[in-house]
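Dear colleague,

I am handing over a structure to you with this email, and after it you will find a careful account of what turned up when it was examined. Please have it open beside you as you read.

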Protein chains: 2
Amino acid sequence: MNSDWSLDPQLAAECTVLGDLPLSRALLNNDANYPWVILVPRRAGMTELIDLPEHERATLTKEINDTSRALKAISKCDKLNVAALGNVVSQLHVHIIARFRTDAAWPNPVWGKAPRKDYEPNARKRLIMGLSERLQIEPVQG
Amino acid sequence: MNSDWSLDPQLAAECTVLGDLPLSRALLNNDANYPWVILVPRRAGMTELIDLPEHERATLTKEINDTSRALKAISKCDKLNVAALGNVVSQLHVHIIARFRTDAAWPNPVWGKAPRKDYEPNARKRLIMGLSERLQIEPVQG
């Protein structure tokens, strides 16, 4: 039973919900500096990847791979960054970030580097539509 | 055939080889600020997690989990950070870092925060022995 799970308020405030994959809620980080998806397994009380039971860890690996492929295909990025950190928001979540040699933080990791930047509404909508289509999830906001 | 694979020179310079897991070479980053293992799949020419064929991606997931558990058990850390970035060293590698609320970068990610710090030789040896034992790999340096 995971009826106790709810999305962390900070993630909710900073992201747009793309929809639900079998295990994870998929979010788009509202920062136009980098196409940046966050996957949040809908399991209460978990903070580490190793907290997931083995079969769900396999599901998450598949969801990370699918999201990585979708983000790469849509963004034509130079590199993907995949990370589970959780030092600030402890709720288990995985960052999948499309990086470009020309982006605001390259070659550094993105955290704490560039001020958050608003998406141009049409660019944001196109990205959400593209991700939703490739990940076969219904957009719940757009 | 992966006879073409060799460890990236920058990783080789900054790390101590712990030994080989079924897929990955396991390294200890020579930075006493954080107990920090790096897994490098012994596959030539790969830069992204999604470059690995599916069965090797599953093996890597298991190796990440095993290493995470070993590092957590030995270090008694507050949090694990797991990341595949590769913006500087493009050879596919995964960071598994034990974090403490008292460490030199907390709560930020570790990259670019604190100057590298040498291990006290006995502390380094104990960590290498502990990791080698838990990961069931023969120490090749120590």
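How many residues does helix 3 of chain B have, and how far does this helix reach from its first C-alpha to its last? Please keep in mind throughout that this is a predicted model. Helix 3 of chain B takes in residues 121-135, which makes 15 residues, and reaches 21 Å between those two atoms, close to the 21 Å expected at 1.5 Å a residue. The residues of helix 3 of chain B that are buried are Leu127(B), Ile128(B), Gly130(B), Leu131(B), Ser132(B) and Leu135(B), and what covers these buried residues includes strand 1 (15-20), strand 2 (24-29), strand 3 (36-41) and helix 2 of chain B. Helix 3 of chain B is followed by Gln136(B), which has a positive phi, near 55°.

Helix 2 of chain A can be read in a similar manner. At 1.5 Å a residue, its 22 residues should span 32 Å, and because the end C-alpha atoms are 31 Å apart, the two values agree. Among the buried residues of helix 2 of chain A are Leu60(A), Ile64(A) and Leu71(A), and also Glu56(A), Arg57(A) and Glu63(A). The cover over the buried residues of this helix includes strand 2 (24-29), strand 3 (36-41), strand 4, strand 5 (94-99) and helix 3 (121-134) of chain A, together with helix 2 of chain B. Just after helix 2 of chain A comes Lys76(A), whose phi is positive at about 55°.

On the relation between the chains, a rotation of 180° with 0.0 Å of shift along its axis superposes chain B on chain A, with an RMSD of 0.0 Å. The two copies are therefore related as by a two-fold rotation axis. In chain B, the C-alpha nearest this axis belongs to Ala83(B), and lies 2.0 Å from it. The same surface serves both copies, since 100% of the contact residues of chain B recur in chain A.

A search of the whole structure also finds three cavities of 30 Å³ or more. The largest cavity has a volume of about 140 Å³ and is lined by 16 residues, of which Leu49(A), Val82(A), Leu49(B), Ile64(B) and Val82(B) lie nearest its centre. The elements that give two or more residues to this lining are helix 2 (54-75) and strand 4 (79-84) of chain A, together with helix 2 (54-75) and strand 4 (79-84) of chain B. By class, the lining of the largest cavity has twelve nonpolar, two polar and two charged residues.

The second largest cavity has a volume of about 90 Å³ and is lined by 18 residues, with Lys79(A), Thr47(B), Glu48(B), Leu49(B) and Ala84(B) lying nearest its centre. Its lining has eight nonpolar, seven polar and three charged residues, and helix 2 and strand 4 of chain A each supply at least two residues of it.

One loop residue may also be worth a look. Val110(B) lies in the loop between strand 5 (94-99) and helix 3 of chain B, and Val110(B) counts as buried because its relative accessibility is 4%. Leaving aside neighbours within four places in sequence, Val110(B) is in contact with Tyr34(B), Trp36(B), Ile97(B), Arg99(B) and Ala105(B). The C-alpha atoms of Val110(B) and Arg99(B), which are eleven residues apart along the chain, are separated by 8.9 Å.

With kind regards

Terms used
Residues numbered from 1 in each chain as written. Chains lettered and ligands numbered in written order. Predicted model: local features only at pLDDT ≥ 70, side-chain atom pairs only at ≥ 80, totals over all residues. Heavy atoms only, no water. 1 Å grid on protein atoms, 1.4 Å probe; cavity = no way out; pocket = protein on both sides within 12 Å on 5 of 7 lines; lining within 4 Å. Points joined across faces, edges and corners; volume = space filled by probe spheres on them. Helix = DSSP H or I, 4+ residues; strand = E, 2+ residues; numbered from the N terminus. Nonpolar A, V, L, I, M, F, W, Y, C, P; charged D, E, K, R; others polar. Least-squares fit on C-alpha atoms with pLDDT ≥ 70 in both. Contact = heavy atoms within 4.5 Å. Expected span 1.5 Å × (residues − 1). Buried < 20%, exposed > 50% of the residue type's maximum accessible area, 1.4 Å probe, protein only.
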